[in-house]
Amino acid sequence: MLLLATFWIVSQPVVNLHADPSQDSGVSSQAIYGAQLEETAKKGKWIQVRTADRYAGWVRKDGLRKTKERTKQPARTARVDTIAAHLYREPDVTRRAPVLTVPYEARLAVVAEPDDRWIEVRLVDGKRAYVQRGDISFDDQPLPIEAIDTLSRRFLGLPYTWGGASSFGYDCSGFTQMLCRRRGISIPRDSRPQSQWDGAETVERTNLRPGDLLFFGPEPGRINHTGYYLGSGEFIHATAWRKPRIQVSRLDDPHWRELLRVCRRPKEPTK
């Protein structure tokens, strides 16, 4: 008898993926609101899941809603296009507090478009809410490299968060993965696999171009940090070094110059 897979949908703004089924276990990654997760095991109040990019971890059940099968995308969805978006019970920002605040890239199922300001959406729990049109986008086309520079700088100052994969706080590889995703390029979640990914080619640091990926470590073969090259010797990254935040650094900074181990250029997606 063929057993059907069980899927869960993230019902909180962000949920942590733990290495083990315990709050005391380290956070390895995150999943954001509306993301679909495949169950691979369960233990009490914990579900072991696999994300769309095949990343595994344990999530508390109270941050998820169960579905029997992989849910099809609604006919019309909106993607949060700001650092965070408030969702309201009614189309008014003053009468009540937001019912939910969701991060960048969260997917919302569109129910109606009552006017040129508000979008009515269906939440994961089936309830309705409203989001302002200025917080969302319907355009899912990959961004050109030039646009990624502008996009990346919108996140400057956000706190570095170990395991972070949302605009509430990224880690280095989560931030780089997001920037590549907006280019239409799917790269692995962690920095070491990213540095070895066969969808990119190695380039010399003297031949860097905007959009290249930079990988750092204490020695060759021990990659533990990544950044996204902007050009003119600058790169943007989420780092805990000195000031734990997303920031722009320079490759001629002695700290980063000495740690740079490999540079990789992602192959552009086939159109």
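Two strands are taken as paired where DSSP finds at least two bridges between them, a criterion applied here to a predicted model.

**View 1. Strand β12 and its pairing with β13.** Five bridges join β12 (residues 118-122) to strand β13 (residues 128-132), and the two run antiparallel. Within this pairing, valine 121 has alanine 129 of β13 as its bridge partner. The two strands form a hairpin with five residues between them, in which glycine 126 takes a positive phi near 95°. Because four of the five residues of β12 are buried, this strand is largely enclosed by the rest of the structure.

**View 2. The hairpin of β11 and β12.** Strand β11 (residues 107-112) runs antiparallel to β12 and is joined to it by three bridges, with five residues between the two strands of the hairpin. Alanine 112 finds its bridge partner in glutamate 120 of β12.

**View 3. The largest pocket.** This pocket, with a volume of about 1,300 Å³, is lined by 50 residues, and Ile32, Gly34, Ala35, Gln36 and Arg107 lie nearest its centre. Among the elements that give two or more residues to its lining are β3 (27-32), β4 (36-43), β11 and α2 (172-182). The lining residues of the largest pocket comprise 22 nonpolar, 15 polar and 13 charged.

**View 4. The second largest pocket.** About 400 Å³ of space lies in this pocket, and of the 24 residues lining it, Trp162, Cys172, Ser191, Asn224 and His225 are the closest to its centre. Two or more lining residues come from each of α2, α3 (191-196), β20 (234-239) and α4 (254-259), with α4 giving the most, three residues. By residue class, the lining of the second largest pocket divides into 12 nonpolar, nine polar and three charged.

Methods
Residues are numbered from 1 along each chain as its sequence is written. This is a predicted model: local features need pLDDT of at least 70, side-chain atom pairs count only at pLDDT 80 or more; totals for chains, interfaces and linings use all residues. Side-chain values use heavy atoms; hydrogens and water are left out. Buried means under 20% relative accessible area, exposed over 50%, partly exposed in between (1.4 Å probe, protein chains only). On a 1 Å grid over the protein atoms alone, a cavity is a set of points where a 1.4 Å probe fits but cannot get out, and a pocket is an open set with protein on both sides within 12 Å along at least five of seven lines; lining residues have an atom within 4 Å of a point. Grid points are joined across faces, edges and corners, and a volume is the space filled by probe spheres set on the points. Ala, Val, Leu, Ile, Met, Phe, Trp, Tyr, Cys and Pro count as nonpolar, Asp, Glu, Lys and Arg as charged, and the others, Gly among them, as polar.
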